[in-house]
Structure formats: structure tokens, C-alpha cells
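Good morning, and thank you for making time for this presentation.

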Amino acid sequence: SSPRAAITTTPLLQSKISNLSLKQNSQQGGQRLRTSLFAVEPDSNNDSSIDSSSGLQKIYTPINRPLLAVVDTISLVVFAAIGKSSHSANGDLDIFAVLMTAFPFVTAWLSTSPLTGVYSPDDTSDESNVIVSTGMKVVKGWAIAVPLGIALRGVIKGYVPPTPFIIVTLISTLVILVGVRVLFAIAEDIFVEMVN
């Protein structure tokens with residue numbers, strides 16, 4: 001017989017695992033998943049948030065929706081480029097400076113995505129509004145990732161960012177991320193309809 005690998009968990013990990021358990025499939029009621037050529041998503045006949053073998057909540061990362069992760073990254077780089085050009089005397093952009101400004105925000109967005117669910121399959125039930133559902137998903141991620149990105153930028157720069165920077169960053173990233181995500185969702189729906 002072959003030897004079995006022992007899996008050791010800590011009490012904290014066991015607590016986290018038990019907290020991930022969700023309600024039964026029957027309580028989810030009629031949710032279906034978007035058919036997409038741009039995502040690695042579960043079968044649309046199953047509940048997207050529950051792993052049928054373990055009963056635990058599935059975790060979605062940028063790997064599940066790589067094109068969307070690239071779009072989000074570009075959106076945050078565009079935010080940094082707009083900010084950097086607005087502070088430049090002649091409007092020139094230093095690409096390295098733009099990437100360094102975007103780095104903490106991109107890092108925070110991608111690293112918190114498994115917790116915030118920004119790469120989970122979209123709800124396309126008949127009563128779902130793509131603009132509202134997409135906006136709400138982005139707001140969940142934004143509320144955690146952008147403040148974390150501001151804090152990371154402060155650590156990298158060595159000082160607390162000034163209040164005007166914080167306010168402008170919060171507003172502009174929200175507008176850019178929601179706007180781009182809504183456009184992406186609409187374009188994806190149109191493309192999928194054309195293909196199907």
C-alpha cells in the first residue's frame with residue numbers, strides 16, 4: 001500500500017476553514033453563471049460558490065479570470081498615469097514612476113481578490129442588472145484594496161499620504177474601476193451572445 005501524506009493544520013486555519021462553510025445549494029435559488037470565453041469558471045449547472053466535494057466556499061483568484069485581472073491592472077496603471085501627469089510640469093510621463101505609483105494599488109487589488117471575490121463568476125440571473133451587480137462586486141474589492149494600497153504606498157514612500165491624495169485616490173479609483181468593469185461586463189455579454 002502507498003503511504004498517505006499527513007496534513008497538519010493550525011487551530012487558526014481550522015477556524016478559517018470552518019468559517020468558510022456556506023448554506024446548502026438549495027438556499028442559493030436559481031443563480032446561474034455567465035458563460036464566458038474569458039474565464040475559467042465552474043460548470044453553470046452547479047452553485048458557483050460552493051465546492052460540491054467539500055461543502056466549502058470556493059476561492060477565486062486572478063488566475064480564474066486572467067483577462068479581467070489584466071484589465072484591472074491596466075485600470076490602476078492608468079489611474080497612476082493620470083495622477084503622475086497631473087503633477088508633471090509639462091505633462092510628461094516617467095513610466096518607471098507611474099509603475100512605482102501603481103505597484104501598491106495593483107498588489108493590494110490582486111492579493112485581496114480571493115477575500116473580496118472580485119474574480120468570482122458573475123451573477124446573471126434574470127433579475128440581475130449587470131451594471132449594479134458588477135458595481136457592487138467592484139465596490140467590495142475597492143473598499144479593502146484601495147485603502148490597503150494607500151497604506152502600502154505610505155510605507156514605501158516613508159510618510160503618511162496627505163489627505164487630498166487619499167480623497168482623490170479613493171474617488172478616482174472607484175470611478176475608474178467600476179467604469180472599466182461595467183464596460184468589460186457589457187462587452188463580454190455582447191461577445192458571448194454573438195458567439196452563442
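Let me begin with one residue. Leaving aside its neighbours within four places in sequence, threonine 169 is in contact with Phe79, Phe105, Val146 and Ile150, where contact means heavy atoms within 4.5 Å. Threonine 169 itself is found in helix α5. Its relative accessible area is 1%, so threonine 169 is buried; by that word I mean under 20% relative accessible area, with exposed being over 50% and partly exposed in between, using a 1.4 Å probe and protein chains only.

A word on the source of these values. This is a predicted model, in which local features need pLDDT of at least 70 and side-chain atom pairs count only at pLDDT 80 or more, while totals for chains, interfaces and linings use all residues. Residues are numbered from 1 along each chain as its sequence is written, and side-chain values use heavy atoms, with hydrogens and water left out.

Now to the overall architecture. The protein has 5 helices and 0 strands, and from the N terminus on its elements run α-α-α-α-α. Helices (H or I, at least four residues) and strands (E, at least two) are DSSP runs, numbered from the N terminus. Of the 196 residues in the protein, 32% are buried. If we take contacts between residues at least 6 apart in sequence, 72% join residues at least 24 apart.

Consider the pairing of α2 with α3. Their axes come within 8 Å and cross at roughly 140 degrees. Axes here are lines fitted to C-alpha atoms, for helices over the stretch in contact, and angles run from 0 to 180 degrees between N-to-C directions. The two helices, α2 and α3, are therefore oblique to each other: angles under 35 degrees count as roughly parallel, over 145 as roughly antiparallel, 65 to 115 as roughly perpendicular, and the rest as oblique. The crossing of α2 past α3 is right-handed, which is to say that the near helix is turned clockwise from the far one by less than a right angle, anticlockwise being left-handed. On the α2 side, the residues making the contact include Asp72, Leu76, Phe79 and Lys84, and on the α3 side they include Phe105, Trp109 and Leu110. By class, the contact of α2 with α3 has 14 nonpolar, 2 polar and 2 charged residues. For these classes, Ala, Val, Leu, Ile, Met, Phe, Trp, Tyr, Cys and Pro count as nonpolar, Asp, Glu, Lys and Arg as charged, and the others, Gly among them, as polar.

The next pair is α3 and α4. Their axes come within 7 Å and cross at roughly 140 degrees, and that makes α3 oblique to α4. This crossing of α3 and α4 is right-handed. The contact of α3 with α4 comprises 14 nonpolar, 5 polar and 2 charged residues.

Helix α4, residues 130–157, also meets helix α5, residues 163–195; their axes come within 9 Å and cross at roughly 145 degrees. The crossing of α4 and α5 is again a right-handed one. In the contact of α4 with α5 there are 17 nonpolar, 4 polar and 4 charged residues.

Serine 113 lies in helix α3 and counts as buried at 0% relative accessibility. Leaving aside its neighbours within four places in sequence, serine 113 is in contact with Tyr60, Thr61, Pro62, Val118 and Tyr119.

Serine 120 is placed in the loop between α3 and α4. Is serine 120 buried or exposed? At 16% relative accessibility, serine 120 counts as buried. Although serine 120 and tyrosine 60 are 60 residues apart along the chain, their C-alpha atoms are separated by 5.3 Å. Beyond its neighbours within four places in sequence, serine 120 is in contact with Tyr60, Arg65 and Lys137.
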